[in-house]
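The sequence and the structure come next.

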Amino acid sequence: MVQIIDQLVNSMSIQTNPDKAKKTAPPQPEAPLRRRMGVAERERQILDGSIQFFAQHGFGGQLRDLAKSIGVTHALLYHYFPTKQALVDRVYLEVFEGRWRNEWDALLDDPDLSVEDKLTAFYLEYVNITLSREFTRILVFSGLTDHTITDRFFAMLRARLFPRLIRETRRLRGVFSRAKSTEREMELLMGLHGGFFYISMRRWIYGQDVYGETVHEDYDEALVRDRVRSYLQASRELLKAPAASTRKSTAK
């Protein structure tokens, strides 16, 4: 009997630490491999991150800080944009010229629409689409530093927008002169155009509204039309059509 028990004991495996055998850790899943971005996708990542960085911090920040905020190395940033100015130029094209719509030129040139309807339709889209947080803050930061972006943007407005608005205002008042706009005409127009930009300043710079505590997320057609009508009404006295007798004598 003793021999049988001894054989049973000797045939069993001895566990020196039974708890360890019970608590065997499950295999850990392998860390997912980071997806390698293509050239266009990586450039898009850097550009979008740069727009947000400049809108938040202006143009005085270091490119090292910019690269860190995007999640890329300093060397990789320079691979895509060799200089800071090259990056700023790309941001300008994306945020400013890139948001200008060719349809707006056609809208303002449409002879079948009234001047009031043209200006209202244009500024309704201009305020709600173009004057974003990034647009407004980057333009202000540029105006406070080297003016690189502000100079380029206003040059585009002087070439592409302001002459059309002056032409349409004159047409409404029966003045068909192609002479260069006067200082008074331009200042009156800046009251309209600058007033719309001030809407975005209230949103994205001051974080304030005029009517109440909640800042407008968009600007509706009635509010845009009120401003356009005020501008056109003020143009009545500034741009008086020449009298019929004067036009006849001039024709002779």
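Which helices do the buried residues of helix 9 pack against? Helix 3 (39-57), helix 6, helix 8, helix 10 (148-160) and helix 12 (183-206) are the packing partners of these buried residues. The model discussed here is a predicted one.

**Overall fold**

The protein chain contains 14 helices and 0 strands. Its pattern along the sequence is accordingly written α-α-α-α-α-α-α-α-α-α-α-α-α-α. Of the 252 residues in the protein chain, 33% are buried. For contacts between residues at least 6 apart in sequence, 71% join residues that are at least 24 apart. The protein chain has an accessible surface of about 16600 Å², and carbon and sulfur atoms account for 54% of that surface.

**Helix 9 and its buried residues**

Helix 9 spans residues 133-143, and its buried residues are Glu134, Phe135, Thr136, Arg137, Ile138, Leu139 and Ser142. Thr136, which is found in helix 9, has a relative accessibility of 0% and therefore counts as buried. With neighbours within four places in sequence left aside, Thr136 is in contact with Leu131, Phe197, Ser200, Met201, Trp204 and Ile205. Helix 12, which covers 183-206, is one of the helices against which the buried residues of helix 9 pack.

The loop between helix 9 and helix 10 holds His147. His147 is not a glycine, yet its phi is positive, at about 65 degrees. Most residues other than glycine have a negative phi. With a relative accessible area of 35%, His147 is partly exposed.

**Salt bridges**

Across the whole structure, a search finds 20 salt bridges.

| Pair | N to O distance |
|---|---|
| Arg90 and Glu94 | 3.4 Å |
| Glu116 and Arg225 | 2.8 Å |
| Glu168 and Arg171 | 2.9 Å |

Arg90 and Glu94 are 4 residues apart in helix 6 (residues 84-95), so about one helical turn separates them. Arg90 counts as partly exposed because its relative accessibility is 26%. Glu94 likewise has 26% relative accessibility and counts as partly exposed.

How far apart in sequence are the parts that Glu116 and Arg225 tie together? The side chains of Glu116 and Arg225 meet in a salt bridge. Glu116 lies in helix 8 (residues 115-130), whereas Arg225 lies in helix 13 (residues 221-238), so this pair ties together parts that are 109 residues apart in sequence. Arg225 is buried, with a relative accessible area of 17%, while Glu116 is partly exposed at 22% relative accessibility. The cut-off for buried is under 20% relative accessible area.

The salt bridge between Glu168 and Arg171 is placed in helix 11 (residues 162-172), where the two residues are 3 apart, about one turn of the helix. Is Glu168 buried or partly exposed? The relative accessible area of Glu168 is 2%, so this residue is buried. Arg171, by contrast, is partly exposed, with a relative accessible area of 33%. Both residues belong to a network of salt bridges with shared partners, which also takes in Asp105, Asp109, Lys118, Arg160, Arg164 and Arg167.

**Trp100 and its contacts**

Trp100 is located in the loop between helix 6 and helix 7 (102-109). Its relative accessible area is 9%, so Trp100 is buried. Apart from residues up to four places away in sequence, Trp100 touches Asp105, Phe122, Tyr126, Met156, Leu157, Arg160 and Leu161. Two of these contacts, Asp105 and Arg160, are also members of the salt-bridge network that contains Glu168 and Arg171. Trp100 and Ile129 are 29 residues apart along the chain, and 9.6 Å separates their C-alpha atoms.

**A negative surface patch**

Which residues form the negative surface patch? Glu217, Asp218, Asp220 and Asp226 make up this patch. Asp218 has its place in the loop between helix 12 and helix 13. With a relative accessible area of 47%, Asp218 is partly exposed.

Methods
Residues are numbered from 1 along each chain as its sequence is written. This is a predicted model: local features need pLDDT of at least 70, side-chain atom pairs count only at pLDDT 80 or more; totals for chains, interfaces and linings use all residues. Side-chain values use heavy atoms; hydrogens and water are left out. A salt bridge is a side-chain nitrogen of Lys or Arg within 4 Å of a carboxyl oxygen of Asp or Glu. Buried means under 20% relative accessible area, exposed over 50%, partly exposed in between (1.4 Å probe, protein chains only). Contact means heavy atoms within 4.5 Å. Patches are made of residues with over 30% relative accessible area and no salt bridge: like charges are joined within 9 Å, nonpolar side chains (Val, Leu, Ile, Met, Phe, Trp, Tyr) within 5 Å. Accessible areas come from the Shrake-Rupley method with a 1.4 Å probe; for residues, only the protein chains shown count as cover. Lys and Arg count as positive and Asp and Glu as negative; His and the chain ends are not counted. The place of a charge is taken as NZ of Lys, CZ of Arg, CG of Asp or CD of Glu.
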